[in-house]
Amino acid sequence: MIYSARNLSIEIDSSALVHDISFDIKAGKILALAGASGSGKTVTCLSPFGLHASRASGSAMLLDQEIIGLDEQKLAPIRARDVGFIFQQPLTALTPHMTIAAHLTEASMQAGIAPSHKRLVEMLNRVELSRPADKLRQYPHQLSGGERQRICIAMGIAHAPKLLVADEPTSALDAELRCDIMLLLRDICRAENMAMLLVSHDLASIESSADDVILLQKGRVAEASTTRKLVQKPKSEYAQRLMAATPRMGEALLPSPPIGDRLIDARAMHVNFPRPFQFFRNKSDDIMVRAVRNVSLTIGQGETLAIVGGSGSGKSTLARAIAGLGPLSAGQILWRGQPLSTKRNRKNRALMQPVFQDPIASLDPKWRVRDIILEPQKYLLDAISDVLSAEELLLEVGLEAEFADRFPAQLSGGQAQRVAIARALSVNPQLLILDEATSALDPLAAHSIAQTLENLQKERSLALLMVTHDLALARRMAHQIGVMKDGQLVEYQSKHQLFADPQHDATRTLIKNSH
Amino acid sequence: MMRFSIIIVAMIAVLAVFMPFLLPWDYAQIDWDGVGLDIISQQAWQRGHYLGSDDIGRDRLARILVGTRITMSIALAAALVAMLIGIAWGVIAGWIGGRTDDIMMRIVDALYALPFMFIVIVLMVVFGRSILLVFIGIGAVEWLTMARVVRGEVKAIKSRPFILAAKASGASFVAIILRHILPNIMGVAIAYLMLTVPQVVMVESFLSFLGLGVQEPMTSLGILVNEGAAQMEINPAALLLPGGVLIILIISLTIAGERLRDRINAGGIARPDAGAA
Amino acid sequence: MLRLILRRLWMAIPTLFAIIILSFLLMRFAPGGPFDGERPLSPETKAALESSYGLDKPIWEQILLYVGRILQGDFGPSLIYRDFTVNELIAQGLPISLLIGGLALLLACAIGISAGLIAASKAGQAIDEILMLLATILTALPTFVTGPLLVLIFAFSLGWFPVSGMDENISWVVLPVIALSLPIAGAIMKLVRAGLAVQLSQDHLRSARARGLSPVKRLFRHALRPALVPAASYLGPAAAGVLTGAVVIETIFGLPGLGRYFVQGALNRDYPLVLGVVTLYAGLIIAFNLLADLMYGWLDPRMRDS
C-alpha cells in the first residue's frame with residue numbers, strides 16, 4: 001500500500017470542508033476523486049501534504065508513515081522525496097525566467113542527482129515531447145499549453161516518486177489534448193509502478209483512466225467503487241443524477257421538436273480582423289486574421305443549431321457576427337428573407353438576444369437583478385408587443401420573484417445564468433444565441449439550465465444557436481450540427497447524419513475525443 | 001488607519017478655513033512693534049502672535065493657516081481638473097481601443113517620460129506667475145496616472161459580457177458609458193483622486209519653494225518652508241511648523257488614498273497589477 | 001528583443017525633437033526677453049545684441065539653426081553667464097548632478113529592494129505593516145522639507161556634515177544623497193513588496209513549494225526576478241524624480257550642479273541654458289527608460305517576445 005487515508009477530515013477556520021474519507025491506493029493504480037466544484041476533492045488531496053491553508057485530521061499514511069500533524073519542516077522533505085505533484089494550470093505552473101533545462105534539473109535535484117544532458121533528453125522523451133534538445137533551451141512561454149503540461153509531468157516524475165498527485169491535470173487543456181495527456185499519465189503510472197491520486201470534475205476522463213473512484217458531494221463520500229461500476233450502475237442517488245446530467249456519446253438520440261419557418265439565412269459570411277500593429281512586419285504575414293471564412297447556414301423557428309469546434313476555431317466570432325455584436329466583413333444575413341444590416345436597428349435587436357459563458361460577468365455588478373432583466377426593454381420597448389415584468393420573467397426561467405431585488409454578487413452561477421436568460425427573453429426574441437452558455441457551470445446546474453432552455457424552446461417556439469466545445473451536449477440538444485475548424489464550417493449536417501457518417505477528419509477527431 | 005488619516009485631513013482643513021477669522025492678526029498685516037517674535041515668548045503671546053511672528057512682523061499662525069488653505073484649495077482644484085481630463089482620456093482610449101488607444105497611451109507614456117516639472121517651470125517663467133496657471137499646469141500633468149488607471153479599468157470592463165449584453169439591448173454608446181462604465185470605475189477614480197491631491201500639494205509647494213508658484217503677499221506652505229529654511233539656524237520653528245503641517249497633510253492624504261485604493265481593488269472589477277500603482 | 005529596443009529608440013527620437021522644439025517655442029514667445037532688464041537698453045544696442053545671438057532671424061530659421069547645432073552637440077552661448085557657453089556650464093554641472101543623482105538611485109534601490117524583500121517574506125506580520133507604513137511616509141516626504149531638516153539636525157545641531165557647498169572631504173555628498181533617495185526608496189519598497197506579493201501567490205510558486213523547495217530558494221530563485229519588473233519600470237520616473245529633486249537639493253545645499261543652472265536660467269530667461277539642460281534631462285530620462293526595457297528582458301523572458 002503506497003498511500004492510505006482513514007477517517008480523513010479537513011476543516012478551515014473551524015468550518016468543515018471534508019468529512020471522514022477513507023481510501024487506499026496501491027502501486028500502479030489510479031484512484032480518482034470526483035465531484036462538483038466545492039465538493040472538497042482538491043483539499044482532500046492537497047491538505048494532508050500541507051499545500052492548502054486548511055487543517056487535516058484523522059490519518060493519512062504515506063509508505064507506512066503518518067503525515068497528518070507533521071509540520072512544514074518535516075513535510076517538505078517528504079514531498080520532495082516521495083511525492084510528485086501536477087497542477088491544473090500548465091500555463092502558469094512553470095517559473096517564467098527559468099529554462100526547461102533549469103526546471104528539470106531542479107526537479108531531479110529533489111532526489112539528490114544532478115542530471116546529465118542525456119538524462120534531461122530522456123526525461124522529455126519519456127513524456128513524448130518532440131525535439132527535446134531544443135526544448136531544453138527554451139523558456140516556458142515559448143511552449144504550448146499541452147507541451148507545458150508534459151514538462152510538468154516530467155518534473156513530477158523526475159525524482160521517481162512513489163505517489164503522483166494530479167489536481168485536474170487536463171481541465172485547462174483543449175479537448176483534443178485531454179485524452180492524450182490522461183493516457184500518458186496512465187501509462188507512466190503502470191510502467192513505473194507508481195500510485196496516483198487523480199482529482200477531476202470530468203467523469204469522462206476519469207472513466208478512461210482511473211481504476212477506482214470516490215465521488216464527493218459537499219465534502220462527503222456519495223459513492224466509492226470501481227470506475228466501471230460507478231459509470232455503468234451508479235448506486236447512490238447523487239451519482240445517478242450526475243450520470244444522467246452528463247451528456248454522453250453513447251446515449252440514445254431523442255427525437256427533436258419540429259422546425260417551423262426559416263428565420264436566419266446566412267450566406268458566405270467572412271469575418272477578418274486586422275492583425276495587431278507591428279512595427280517590423282514579416283512580408284509573408286497576412287495583414288488580416290481570417291477568423292471566419294465563407295460560412296453559410298440557416299436556422300428555422302424552433303430549431304437548435306449547434307456550432308462545435310475547438311478553441312480558436314472561430315465559432316464565437318461567427319455567433320457574434322450573427323448577433324450583430326461583432327464585425328461581419330463580407331456576406332449577408334437574411335431574416336425571414338429580408339437582409340439585416342450590420343448596424344442593427346431596434347426591431348432587429350429585439351429579434352435575437354445573446355447569452356454568454358461567464359454568468360457572473362454577464363451581469364453588471366452595480367445593478368439590481370430587476371434593472372438587469374429589464375434593460376433591453378428600456379431601449380427596445382417600441383419594438384416588442386407584449387411586455388413582461390421582471391417577476392414574470394424570473395418565474396419563467398425558474399427563479400422566484402424575490403430575486404428581483406438582489407445584486408449579482410448574491411447569486412450562484414446557475415442563478416446568474418438564469419437571470420441572463422430572463423434578460424434575453426424580456427424583449428420576446430425569436431432566436432437565442434448561446435455562447436458556451438452552460439460550460440462554466442457544474443454538470444447538475446448545466447443540465448438544469450439546458451432543460452429550462454428546451455422547455456422555453458417548446459413554449460415560445462424559440463430558435464437556439466448554441467456554440468459549444470462539447471459534442472455530446474450538441475448531440476443531446478441540437479437538430480443540426482456544424483463543425484468549425486480554422487474559421488471554416490467543415491461539416492454541416494443533421495445530427496443523425498453527422499454521427500452516422502462523419503465526412504470530415506475534424507469531425508472524426510472530435511467524435512473520437514468525446515465520450 | 002484610513003479613518004484616522006481622514007480625520008486628520010478634515011481637522012487641518014477646518015482649522016485652515018475657519019481659524020484665521022478668530023485670530024487678532026491678518027496673514028499679510030505687519031505688526032511694526034512685534035517683528036521676529038519667538039515662538040513661546042511672553043511678548044508674542046501678549047500681542048496675540050500665538051506662534052510668534054516672522055522677520056517683518058507678520059503673524060506666523062495666521063500665515064501657516066492661510067498658506068495651508070491656499071495649498072489645499074489649489075490641490076483640490078488641480079486634482080479635480082486632473083481627474084476630469086484623466087477620466088475622459090482613459091475612457092476614450094479604453095473604449096475605442098486599437099490604434100487610437102495605442103496612440104493615446106503612447107502620448108501618456110511619452111509625457112510620463114518627460115521631466116514635467118521642468119516643463120511646468122518653463123510654463124511659469126513664460127506666462128508669468130499666477131495661481132490659475134499653477135493649477136492648470138499641475139492639473140495638466142497629474143492626469144497621466146488617472147488616465148492609465150481609468151483606461152485599464154475600462155478595458156477590463158469593456159471585455160465583460162454585460163457590456164455586450166447592453167449592446168444587444170440596443171443601448172447607445174453614451175448610455176453604456178454613463179450607466180455601465182462610469183458607475184463601475186467611479187470607486188477607483190475617487191481613490192486615485194485622493195492620491196492625486198497629495199501629489200499636487202507636493203508640486204505646488206515645490207514651485208512655491210523655488211519662488212515660481214504663489215506670489216507675495218499671498219502665501220502657501222511651500223513659500224513658508226522656503227522662508228523657514230533661510231532662517232532655520234536662528235529660528236528652527238520657522239521651518240519646523242510649516243514643514244510639519246505639510247508633511248502631515250501629505251502623509252495623511254497618501255495613506256487615506258492608498259487604503260481606499262487597496263480596498264476597492266480587493267473587491268473591484270479590474271485588479272490592475274502592482275505595476276500600475 | 002532587439003526589435004523592441006529599436007522601436008523604443010525610434011519613438012524616443014521624435015519625443016526628444018518635440019521637447020526641443022516645444023520648449024524653444026515657449027521660451028521664444030515668452031513675453032519679455034533676456035535683455036529687458038531693469039534699465040532699458042537703447043533700441044540700437046538691443047538690436048545689435050539680438051542679432052549677435054541670432055534672435056532677429058525668422059522663427060523657423062532659428063529652430064533649424066538650433067536643432068542643427070544641437071545635433072552637433074553645441075548648445076550655444078549662455079545669455080546670463082556671458083563668458084561661458086552652455087556646453088561649458090553643463091560640463092561643469094553634470095558631474096556633480098550625476099554623482100549625487102547616481103548615488104541616490106543606488107541607495108534607493110538598495111534600501112527599497114531589501115526592505116521590500118523583508119516585508120514580503122513577513123507578509124501580514126507587524127514588521128510588514130510597519131515597513132509599508134514607512135514606505136508611504138517616505139514617498140510623502142518632499143525633498144525641500146527633508147533637505148533643510150537634515151541640515152538642521154545633522155549639520156547645525158550635530159555638526160557631522162558640512163552645511164552646504166563642496167569641500168575636499170567627500171562627506172558633503174551624504175546629506176544631499178539621503179534627502180534625494182528617501183522618496184524613491186519608499187516607492188521602490190512598495191513596488192518590490194507588491195511585485196513579490198503577486199509572484200508569491202502565483203501557481204509556479206505553489207509548484208515550487210510542492211516540490212519541497214525551502215522558502216529562501218523559492219523567494220530568491222523563483223519569485224524575485226519577475227517580481228522586480230514593476231520596480232524596473234519605475235526606473236524612468238525615478239530618474240525624473242532624482243533630476244527634479246536635484247533642482248531643490250542643489251539649491252538647498254549650495255551645489256553648483258545642473259539643477260541650479262536650470263533654476264537660474266529659468267528665472268533669468270536664459271533660453272540656451274534652459275533648453276540645453278531640458279534637452280539633456282529629457283535624453284537622460286529616455287536613456288533610463290531604455291535601460292528599464294533592457295532589464296525587462298532579463299527579468300522576465302516573456303517580455304522579449306511580446
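Biologist: In the open sheet of four strands in chain A, what is the order of the strands, and in which sense do they pair?

Modeller: Helices (H or I, at least four residues) and strands (E, at least two) are DSSP runs numbered from the N terminus, and two strands pair if DSSP finds at least two bridges between them. Here the order in chain A is β12-β11-β14-β15, with antiparallel pairing, and the edge strands, each of which pairs on one side only, are β12 (288-300) and β15 (338-340) of chain A. From one strand to the next the twist averages 25°, where axes are lines fitted to C-alpha atoms, for helices over the stretch in contact, and angles run from 0 to 180 degrees between N-to-C directions. This is a predicted model, in which local features need pLDDT of at least 70 and side-chain atom pairs count only at pLDDT 80 or more, whereas totals for chains, interfaces and linings use all residues. Residues are numbered from 1 along each chain as its sequence is written, while chains are lettered from A and ligands numbered from 1 in the order in which they are written.

Biologist: How many bridges join β11(A) to β12(A), and which helix packs on the sheet?

Modeller: Strand β11 (residues 262-274) of chain A is joined to the antiparallel β12(A) by nine bridges, and within that pair A:Val271 has A:Val292 of β12(A) as its bridge partner. Helix α11 (residues 315-323) of chain A packs on the sheet, touching β11, β12 and β14 (330-335) of chain A, and its direction makes about 120° with that of β11(A); a contact means that the C-beta atoms of two residues, placed from the backbone, lie within 7 Å.

Biologist: Why is strand β18 of chain A described as largely enclosed?

Modeller: A residue is buried if 20 or more other C-beta atoms, placed from the backbone, lie within 10 Å of its own, exposed if 12 or fewer do, and partly exposed in between. In a regular strand the side chains alternate between the two faces of the sheet. For β18 (residues 463-468) of chain A, six of the six residues are buried, so the strand is largely enclosed by the rest of the structure. A:Ala463, A:Leu465 and A:Val467 point one way, and A:Leu464, A:Met466 and A:Thr468 the other way.

Biologist: Which residues of β18(A) are the bridge partners of A:Thr304 and A:Ile433?

Modeller: A:Thr304 has A:Leu464 as its bridge partner, and strand β13 (residues 304-308) of chain A pairs with β18(A) in the parallel sense over five bridges. The partner of A:Ile433 is A:Leu465, and strand β17 (residues 431-435) of chain A likewise pairs with β18(A) in the parallel sense over five bridges.

Biologist: How is chain A divided into domains, and what separates their centres?

Modeller: Domain bounds come from an automatic or database domain assignment, which here gives domain 1 (3-239) and domain 2 (262-275 + 289-513) of chain A. The centres of the two, taken over C-alpha atoms, are separated by 36 Å, and the contact takes six residues from domain 1 of chain A and eight residues from domain 2 of chain A.

Biologist: And chain B, how many helices and strands does it have, and how many residues does its contact with chain C take?

Modeller: Chain B has ten helices and zero strands, and buried residues make up 51% of its 277 residues. Its contact with chain C takes 35 residues from chain B and 43 residues from chain C.
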